[in-house]
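Me: I have a structure open and want to go through a few spots in it. Can you take my questions as they come?

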Amino acid sequence: MSKTVGDLNLEDEHTTVGIDDTLQEAALRLLTTSGGILVVLDDDQRVKGVIGQRQLIKALSEGVDATESHCHGHMEMDFMKVHLKDSLKNVLKDIKTRTPQAVVAVDENEEFVGYFSPSDYQDAVDLVANLKGLNL
């Protein structure tokens, strides 16, 4: 009975923003987001990057005009994609090996379905440990 990424609640702790949205729009959305991460999507709902507080602050410290500058120029591109059917045990191993800035879940069409947050990571560790303890 292997647990998968789809067994986690990946719908919290993030919101999305378009690749051509301005940094001002990103900042407005980030202010309303628990956990503080924006997943940057293209028009086909495919993940292109992520923006957190650090990326916004860095852009502003460099003097960019937040009303004119677009998300695609300031997003973090070190993210890892996982699929809902992927085994949590394998995903945890890959995250530990690769240490990406963010982990996002996609469906079979590579469209965004959720953000694998640090709390989701802990939930996954707990689930895998519990299954191991039950010898499943």
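This is a predicted model: local features need pLDDT of at least 70, side-chain atom pairs count only at pLDDT 80 or more; totals for chains, interfaces and linings use all residues.

Me: Where is Asp12 found?

Reply: Asp12 sits in the segment before strand 1 (15-18).

Me: And what is Asp12 in contact with, leaving aside its neighbours within four places in sequence?

Reply: With those neighbours left out, Asp12 contacts Tyr115 and Asp120. The C-alpha atoms of Asp12 and Thr33 are separated by 8.6 Å, the two residues being 21 residues apart along the chain.

Me: What is the lining of the largest pocket by class?

Reply: The lining has 10 nonpolar, six polar and two charged residues.

Me: Which elements supply at least two residues of that lining?

Reply: Strand 3 (47-52), helix 2 (53-61), strand 5 (102-106) and helix 4 (118-133) each do. Helix 2 gives the largest share, three residues.

Me: OK, helix 2 then. Which of its residues are buried?

Reply: Gln55, Leu56 and Ala59 are the buried residues of helix 2. Seen down the helix axis, they fall within an arc of 100°, so they line one face.

Me: Why would residues three or four places apart point the same way?

Reply: Because an α-helix has 3.6 residues a turn.

Me: What covers the buried residues of helix 2, and which exposed residues are on the face turned away?

Reply: The cover includes helix 1 (23-31) and strand 3. The face turned away from the buried side carries the exposed residues Gln53, Arg54, Ile57 and Ser61. After helix 2 comes Gly63, with a positive phi near 85°.

Me: Now His74, buried or exposed?

Reply: His74 counts as buried because its relative accessibility is 17%, under the 20% cut-off. The residue lies in the loop between helix 2 and strand 4 (79-83). Leaving aside neighbours within four places in sequence, its contacts include Gln55 and Ala59, both among the buried residues of helix 2. Leu23, Ile51, Val64 and Ser69 are also in contact with His74.

Me: Last one, His83. What polar contact does its side chain make?

Reply: The side chain of His83, a residue in strand 4, makes a polar contact with the side chain of Glu110 at 2.8 Å. With neighbours within four places in sequence left aside, His83 is in contact with Val5, Val106, Asp107 and Glu110.

Technical notes
Residues are numbered from 1 along each chain as its sequence is written. Side-chain values use heavy atoms; hydrogens and water are left out. Helices (H or I, at least four residues) and strands (E, at least two) are DSSP runs, numbered from the N terminus. Ala, Val, Leu, Ile, Met, Phe, Trp, Tyr, Cys and Pro count as nonpolar, Asp, Glu, Lys and Arg as charged, and the others, Gly among them, as polar. Contact means heavy atoms within 4.5 Å. Buried means under 20% relative accessible area, exposed over 50%, partly exposed in between (1.4 Å probe, protein chains only). A polar contact is a pair of N or O atoms within 3.5 Å; within protein, one must be able to donate a hydrogen and the other to accept it, and residues adjacent in sequence count only if both atoms are side-chain atoms. The arc is that of the directions from the helix axis to the C-beta atoms.
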